Amino acid sequence: MIFSHGKLLLTSEYVVLDGALALALPTKWGQEFFVSENPDGRSLVHWTALHQGKPWLNATLDYRNGTVLNTNIPGSAEFILKVLMKIKELSASKLKSNTSYSIKTDLQFPANFGLGSSSTLMNNLAQWAAVDAFRLNESCLGGSGYDIAVAQEKSAILYQNQPERIIKKIDFDPDFKKDLIFIHLNQKQNSREGINLYRSREKSAELIEEFSQITHQVLDAKSLENFSDLMILHESKLSDFLGIETVKEKHFENCPSFVKSLGAWGGDFVMSSKFLGFEDYFRGKGFSTVFAFEDLIC
């Protein structure tokens with residue numbers, strides 16, 4: 001069995017694409033990957049995908065001819081086939097003979113959580129096929145690659161992808177972590193939309209450096225008050241650059257704590273800190289999925 005952790009991006013969402021230093025954390029949940037081989041000469045992949053142990057996708061794929069033979073979800077099966085054909089191109093040993101494979105995956109978290117259903121799959125497949133996970137991910141999905149780095153390192157990391165990829169494992173263990181909470185916004189955000197908006201804006205080296213400095217300051221934060229101020233600063237700077245309102249302005253204007261988007265703006269998880277009656281507050285706003293730091297982060 002191969003396993004990859006999910007992820008949450010604490011700093012430098014979007015600007016990580018252009019070389020800003022980012023802080024990312026691994027989640028306890030991830031994706032499991034099981035495979036068996038059958039030398040039957042048929043060159044098939046029998047794919048079974050589970051979501052939290054429940055069947056989701058079934059597909060039979062012909063990797064010799066690059067076709068989907070049968071499936072219950074055509075769009076998802078076509079994507080899996082695309083990835084497998086890229087692996088066939090990159091791998092020195094997998095999908096090269098007439099061997100058939102039975103592959104089963106199990107995503108441990110709801111697919112709409114945005115914790116890395118795709119990146120965990122890419123990393124698992126890359127480990128199995130002994131190919132470069134970053135190259136595979138770039139070919140099939142794109143993005144900065146920080147999520148692949150988290151899956152590989154199984155640790156909190158500092159990540160930078162320009163001018164060259166730098167990955168540094170760190171121990172993110174602030175004294176105030178027991179005060180941090182994560183709230184799910186009840187929807188999966190399409191990161192492509194946010195990236196396209198970000199790409200449409202003219203960026204400067206100064207902007208990238210500003211977010212890199214915030215990341216350094218976050219690591220050095222000794223108190224919840226200091227950390228909170230940095231989260232507010234980060235949200236404000238990115239809001240001004242993107243020209244869209246912050247998640248706090250949109251949903252939680254009267255919240256007595258900071259509220260910070262994690263990753264793509266508009267969905268997935270946000271981070272805040274505990275305050276008197278916080279569970280009732282977020283539930284009253286329609287957001288009842290709230291996790292403590294220690295329940296979600298490795």
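Predicted model: local features only at pLDDT ≥ 70, side-chain atom pairs only at ≥ 80, totals over all residues.
Residues are numbered from 1 along each chain as its sequence is written, and side-chain values use heavy atoms, with hydrogens and water left out.

Here are the two helix pairs to look for. Helices (H or I, at least four residues) and strands (E, at least two) are DSSP runs, numbered from the N terminus. Axes are lines fitted to C-alpha atoms, for helices over the stretch in contact, and angles run from 0 to 180 degrees between N-to-C directions.

| Pair | Residues | Angle | Axes |
|---|---|---|---|
| α2 and α3 | 117-129 and 133-140 | roughly 130° | within 9 Å |
| α6 and α7 | 205-220 and 224-242 | about 165° | 10 Å apart |

The crossing of α2 and α3 is right-handed; in such a crossing the near helix is turned clockwise from the far one by less than a right angle, while anticlockwise makes it left-handed. On the α2 side, Met 122, Asn 123, Leu 125 and Ala 126 make the contact, and α3 brings Ala 133, Leu 136, Asn 137 and Cys 140 (contact means heavy atoms within 4.5 Å). These residues divide into 6 nonpolar, 2 polar and no charged. Here Ala, Val, Leu, Ile, Met, Phe, Trp, Tyr, Cys and Pro count as nonpolar, Asp, Glu, Lys and Arg as charged, and the others, Gly among them, as polar.

Now turn to α6 and α7, which are roughly antiparallel to each other. Their crossing is left-handed. Residues of α6 in this contact include Leu 207, Phe 211 and Ile 214, and those of α7 include Phe 227, Leu 230 and Phe 241. This contact has 10 nonpolar, 2 polar and 2 charged residues.

Next, find Ile 195 in helix α5 (residues 191-199). Ile 195 counts as buried, because its relative accessibility is 13% (buried means under 20% relative accessible area, exposed over 50%, partly exposed in between, with a 1.4 Å probe and protein chains only). Leaving aside neighbours within four places in sequence, Ile 195 touches Tyr 14 and Leu 17.

Finally, step back to the protein chain, which has 10 helices and 12 strands. Its C-alpha trace spans about 65 × 40 × 35 Å along the principal axes, and 53% of its 298 residues count as buried.

Key: Parallel < 35°, antiparallel > 145°, perpendicular 65-115°, else oblique.
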